[in-house]
Amino acid sequence: MTKEYNIGVIPGDGTGPEVVAEAIKVLEVISLKGGPKFRFTSYGLGGERYLKTGELLSDSILSELKEMDSICLGAIGHPDVRPGILEREILLRLRFELDLYINLRPVALFPGVYTPLKDKGPEDIDFVVVRENTEGLYAGGGGFLKRGSPDEVAIQESITTRKGVERCIRFAFEYCLNRNKDKHLTLCGKINVLTYEFDLWNRVFQEVLEEYPDVTTDYQHVDAICMWMVKNPEMFDVIVTNNMFGDIITDLGAIIQGGLGIAAGGNINPHGTAMFEPIGGSAPKYAGLNKINPIAAISAAQMMLDYLGEKEAARVLLNAIKKVVKDDLKSLEAGKMGYGTKEVGDLVVGYL
Ligand code: IPM
Ligand code: MN
């Protein structure tokens, strides 16, 4: 019997609603063609609602979202709202409250897609970053002392727990073992400076690796990883790292795989729900213009299918995405694709 999934949809701000609409269009066609069925429930969270009503993320919406099989997110971020409010109260709150402790960010260059790396192709750029998603600098600890005075002090605390590190590292080993590549896991850290945090990460990593004799491992400093991602991206299979470093290296990853028009990620609780998103942000200057590339949002939907266990639908959609970026789009950049947002969604649908 075909399954039916409850999907919470948070179109969000800027171009979020436009790209999410294309992802949903694609999922609906997959259902029509005999694939899994979806019951979508949309939530109008984001900057517009906050500016009108002062509401960010209510407890009742949060508890509804907790019950969903998965969540599709567009983008959160509004030019008229001070940075940090929407991010912390909506996006990060969802990550924390739903305990979405893994941020899974594949970095894969598809054939026909432009990469700024000279002499590198799809066979070289194919790795996955497993980013811890609920701790570190993102935990929000800290504060000011004497703010606004000449003596002021700002403290931003980084919180690292053994439990948080261990569950992330275990996920990364499992993921690496089941991924069809080199079965090589790299721990990305800064053990020479962050001597407490990465001492803990490294000890847990060394403990857990004993259980995975088929996975080879190494350790790299985050600054060196940035260099190697540009010079020799082929050396990576799976990288596991903390929240902040994962944030930074996955923007670098996005640009070498063709940019924010294609990069997608999943915020995952392996024992609960998961939330999938294009990692590009709300791009307010393109909002409402039918110019933004929806492929990243459609790729996020593809990751969701895979995560839900709908492997066949995920495979078919992945092939459709690859066809469109190889054969149809002139560029992945907004306004330069040769098609509008909706038309790109239609092209994907055409290959399903
Ligand atoms: C991301 C984003 C977020 C993050 C911001 C919007 C809070 O950059 O998902 O990578 O830093 O995690
Ligand atoms: Mn980021």
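This is a predicted model: local features need pLDDT of at least 70, side-chain atom pairs count only at pLDDT 80 or more; totals for chains, interfaces and linings use all residues.
Residues are numbered from 1 along each chain as its sequence is written, and side-chain values use heavy atoms, without hydrogens and water.

I record Leu-145 as exposed because its relative accessibility is 51% (buried is under 20%, exposed over 50%, partly exposed in between, with a 1.4 Å probe and protein chains only). With Val-153 and Ile-155, Leu-145 forms a nonpolar surface patch of about 260 Å² accessible area together (patch residues have over 30% relative accessible area and no salt bridge, and nonpolar side chains are joined within 5 Å, like charges within 9 Å; a salt bridge is a side-chain nitrogen of Lys or Arg within 4 Å of a carboxyl oxygen of Asp or Glu; areas are Shrake-Rupley values with a 1.4 Å probe).

I then checked backbone angles. Most residues other than glycine have a negative phi. Lys-146 has a positive phi, near 55 degrees, and sits in the loop between strand 6 and strand 7 (153–156). At 52% relative accessibility, Lys-146 is exposed.

Ala-283 also has a positive phi, near 40 degrees. I found Ala-283 in the loop between strand 12 (274–278) and helix 9 (295–308), partly exposed at 26% relative accessibility.

Conventions
Chains are lettered from A and ligands numbered from 1 in the order in which they are written. Helices (H or I, at least four residues) and strands (E, at least two) are DSSP runs, numbered from the N terminus.
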